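Work through the exercises below with the sequence and the coordinates open. Each task is followed by a solution in steps.

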Amino acid sequence: MQNQSKDPLHGITLQKVVETLVNYYGFDTLGELIPIKCFISNPSVKSSLTFLRKTDWARKKVEELYIKTLLKLS
């Protein structure tokens, strides 16, 4: 038997997380839910990834929102 990870983010890239949230919410709503500059001021997936890779607390908030969004979709 294989051990499967219980982590819902296992195997999911940060880029996939951000793209999924942007496609579902759009940058306007995403900026309201997580008020960080990379989602509010001239947002793009690329600039968001650059910021989130350097900023652990912001990445954690984005990952938490992604998990909550997955629960809504399932």
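**Exercise 1. Overall fold**

How many helices and how many strands does the secondary structure of the protein chain come to?

Solution. The model is predicted: local features need pLDDT of at least 70, side-chain atom pairs count only at pLDDT 80 or more, and totals for chains, interfaces and linings use all residues. Residues are numbered from 1 along each chain as its sequence is written, and side-chain values use heavy atoms, with hydrogens and water left out.

Step 1. Helices (H or I, at least four residues) and strands (E, at least two) are DSSP runs, numbered from the N terminus. The count is 4 helices and 0 strands, and the pattern along the sequence is α-α-α-α.

Step 2. The C-alpha trace spans about 50 × 25 × 15 Å along its principal axes.

Step 3. Of the 74 residues in the chain, 32% are buried (under 20% relative accessible area; exposed is over 50%, partly exposed in between, with a 1.4 Å probe and protein chains only).

Step 4. Take the contacts (heavy atoms within 4.5 Å) between residues at least 6 apart in sequence: 53% of them join residues at least 24 apart.

**Exercise 2. Helix H3 against helix H4**

Which residues in H3 meet which residues in H4?

Solution. Step 1. The axes of H3 and H4 (residues 56–73) come within 5 Å and cross at roughly 115 degrees.

Step 1. From H3, Phe51, Leu52 and Lys54 meet Asp56, Trp57, Ala58, Arg59 and Val62 of H4.

Step 2. This contact holds 5 nonpolar, no polar and 3 charged residues.

**Exercise 3. Aromatic pairs**

Find the aromatic pairs and classify each by its geometry.

Solution. Step 1. Rings of Phe, Tyr and Trp (its six-membered ring) pair if their centres lie within 6.5 Å; planes under 30 degrees apart are stacked, over 60 edge-to-face, the rest tilted. The whole structure has 2 such pairs.

Step 1. Tyrosine 24 and tyrosine 25 are edge-to-face, at 4.7 Å centre to centre and 85 degrees between the planes. Tyrosine 24 is partly exposed at 41% relative accessible area, whereas tyrosine 25 is buried at 16%.

Step 2. The ring centres of phenylalanine 27 and phenylalanine 39 are 6.3 Å apart and their planes are at 40 degrees, so this pair is tilted. Phenylalanine 27 sits in H1 and phenylalanine 39 in H2 (residues 37–40), 12 residues apart. Both phenylalanine 27 and phenylalanine 39 are buried.

Conventions. Axes fitted to C-alpha atoms, helices over the stretch in contact; angles between N-to-C directions. Nonpolar A, V, L, I, M, F, W, Y, C, P; charged D, E, K, R; others polar.
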